[in-house]
Protein chains: 2
Amino acid sequence: MISTVVWGTGNVGRLAIRAVEAHPALQLCAVIVHNPAKVGRDAGELGELDRLLGVEATDDIEAVLAARPRAVVYAASGDVRPDEALADITRAVRSGAVVVSPALYPLYDHRNAPPEFRDPVLAAVTEGGGSLFASGVDPGWGNDVLPLLLSGLGTTIDVIRCQEIFDYSTYDQPDSVRYLVGMGQPMDYEPMMLMPSIPTMVWGGQIRMMARALGVELDEIRETSDRRALDTTVTTRTMGEFGAGTQGAIRFEVQGIVEGEPRIVIEHVTRIHPSCAPDWPVPPDGGDGAHRVVIEGRPRIEVTIEATDEGENRSAGGNATAVGRLVGAIDWLVEAEPGLYDALDIPLRPAIGRLGRKQS
Amino acid sequence: MISTVVWGTGNVGRLAIRAVEAHPALQLCAVIVHNPAKVGRDAGELGELDRLLGVEATDDIEAVLAARPRAVVYAASGDVRPDEALADITRAVRSGAVVVSPALYPLYDHRNAPPEFRDPVLAAVTEGGGSLFASGVDPGWGNDVLPLLLSGLGTTIDVIRCQEIFDYSTYDQPDSVRYLVGMGQPMDYEPMMLMPSIPTMVWGGQIRMMARALGVELDEIRETSDRRALDTTVTTRTMGEFGAGTQGAIRFEVQGIVEGEPRIVIEHVTRIHPSCAPDWPVPPDGGDGAHRVVIEGRPRIEVTIEATDEGENRSAGGNATAVGRLVGAIDWLVEAEPGLYDALDIPLRPAIGRLGRKQS
């Protein structure tokens, strides 16, 4: 069995505990927490499982890594603390572990990652013999392995379009919704998420990887964006009101240009209320949202993905598929040479041994 | 370039001509037709392309195979003429060609194919050094490689369910719709498609392959079926009226039983009018139909696939994805050892070299 640590027990970490526990080749051997209040609590409780797992959370990172675990799922955030996340990850790689993580977008397409991200990891690989695979869902399998595989069913391929179409009205993340995305702000407010080069920083690596896998040369990566105001004031379930005339929807594209044409496109359409921008793509069947891959060409192939977990929660569902992709790669990585890997290296494989698996 | 023949130019054959023409590694070298009226016509015209290809259709099978083409896309029907199709296919395999075909369902899961299908092909492989890969869309990639790959994103997997949910009212195949499927028949009429063991004959191989890929043992394969009558008489676009009280919808499942539980399920829900059986699963967004994969478990992953070609035609779209899967396998098969292959052997790969490819 592959001794596996889960580092971090937030929205991603609890899903990781469940995924490691469900995987027949992995053995959960430790859970690292940053919050002192969680120290000593059982992993089953932190993973919101219906049973205890007999693994108690610890904040003693030194001791956990000294035990030389074979794998680490790094589930702590990298968004608001990239330097700490990078330090944690390189520390785990240097201990010789295979590390999988959704943290640190630049390392998803590590070949084009800035040296300050890439070099410390490569050094840790050399020193400690560990590995790193960083990926997610969007960015992640929703705009790398899935569209690439679906393209194999096509005949002529004009455009590969990966969409996220989401209605945020049921979300409960007021800060990022109001300030990062700009919902409810005056129309002259510039949301950070739409500032030039930010979308490319987050999704450009996926465009480059898809181009590489399809054997095409990118002229450049372009960005387009659009915003729409609310016609009327709307009230959301947990985030209060969003006033008429303020931003109610955004739409942006990160475009991979091939011989002058946008051939590989990652598009986001985000609303704070379904009534805003009705002429833009909408979630299927009036739902909260979905990811979609469209292979434009002959045939036209449209694939819509909806994932839910923890009740009907789409955010948890998406995170869980990212965790599934990452945890599902551990046994492959353990067999491979130490190194820095990306989504094109690691095949998406069936859930061998997990259909109807009874959890002891 | 891999010299490639397209044998048959009906609904599947014209799609195959376009797929071979669009593939950078393949060279269309001959088109075999059975209908004397098609002899001499250009492949571009038969493939409904906007240009001539300089390859004239022939009915001289002997001459085409004597030229030792490297690959044959056998696109003639196997449904109503299985013996002839098997004879044609073994003849092509014996000529040393790699053969791909949607014909002959039993050969999709060749390990469990009846000897009368399997033995002649194996003999031809031994004698001539050719290969065969038979697959489709449903049965085919929609209930083998796609659900298996998607399962890799899961954590706990309770059921893998592959659905076809179609409204036949826009179809133009009155014979199969009225007699094979039973639409418009009195409720005591027994449609051939629902006769015990028929669904398993067509889809059982897919259940067995998925079980094999997931490492589970099947206790047995079961079938369930249900029919509903129309409340009112309905009129379809091309197939006339279907009377009130006659069959308006059917629903069946082919179930792979694992430790007493249905864990791998292929389900079809077919209507002649959207009003019939509203409580059964319905096509997304009120459309004509879709294929769907549902990974029941945590997370719950629902993936809906809609393919269209030749205008908004879903039947052509589905056929085109089957042809994409088959033609996309040729270069892999040419590199592999001669043999009889199934969908678990042959990876679904990206459309390398086809994004935005200009057709000369």
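Predicted model: local features only at pLDDT ≥ 70, side-chain atom pairs only at ≥ 80, totals over all residues.
Residues are numbered from 1 along each chain as its sequence is written, and chains are lettered from A and ligands numbered from 1 in the order in which they are written. Local features need pLDDT of at least 70 and side-chain atom pairs count only at pLDDT 80 or more, whereas totals for chains, interfaces and linings use all residues, and side-chain values use heavy atoms, with hydrogens and water left out.

In chain A, 6 strands form an open, parallel sheet in the order 2-1-3-4-5-14, where strands (E, at least two residues) and helices (H or I, at least four) are DSSP runs numbered from the N terminus, and two strands pair if DSSP finds at least two bridges between them. Strand 2 (26-32) and strand 14 (340-341) of chain A stand at the edges, each with a single partner strand, so one side of each lacks a neighbour in the sheet. Strand 1 of chain A is joined to strand 3 (residues 71-74) of chain A by 4 bridges, and the two run parallel; within this pairing, A:T4 stands opposite A:A71. Helix 4 (residues 82-94) of chain A packs on the sheet, touching strand 1, strand 3, strand 4 (98-101) and strand 5 (131-134) of chain A, and its direction makes about 170° with that of strand 3 of chain A; such angles run from 0 to 180 degrees between N-to-C directions, with axes fitted to C-alpha atoms, for helices over the stretch in contact.

A:T4 itself lies in strand 1 (residues 2-7) of chain A and is buried, with a relative accessible area of 0%, buried meaning under 20%, exposed over 50% and partly exposed in between (1.4 Å probe, protein chains only). The side chain of A:T4 reaches the backbone oxygen of A:I2 at 2.9 Å. Leaving aside neighbours within four places in sequence, the residues in contact with A:T4 (heavy atoms within 4.5 Å) include A:V20, A:L28, A:V73 and A:I330. A:R271, in strand 11 (residues 261-271) of chain A, likewise counts as buried, at 2% relative accessibility, and a polar atom of the A:R271 side chain lies 2.6 Å from the backbone oxygen of A:A277.

Strand 13 (residues 300-308) of chain A is joined to strand 13 of chain B by 9 bridges, the two running antiparallel, and the bridge partner of A:T304 is B:T304. Within chain B, strand 12 (residues 289-298) and strand 13 pair in the antiparallel sense over 5 bridges, with B:V294 opposite B:E302, and a hairpin joins the two strands through 1 residue. Because 8 of its 9 residues are buried, strand 13 of chain B is largely enclosed by the rest of the structure.

Over all chains, 12 aromatic pairs are counted, with rings of Phe, Tyr and Trp (its six-membered ring) pairing if their centres lie within 6.5 Å, and planes under 30 degrees apart counting as stacked, over 60 as edge-to-face and the rest as tilted. One edge-to-face pair is formed by B:Y105 and B:Y108, at 5.6 Å centre to centre and 80° between the planes; B:Y105 is partly exposed at 28% relative accessibility, whereas B:Y108 is buried at 4%. The charged end of A:R178 sits over the ring of A:F242, 3.9 Å from its centre, as that of B:R178 does over B:F242 at 3.8 Å, the criterion being NZ of Lys or CZ of Arg within 6 Å of the ring centre and within 35 degrees of the ring normal.

Notes: Polar contact = N/O pair within 3.5 Å; in protein donor to acceptor, adjacent residues only side chain to side chain.
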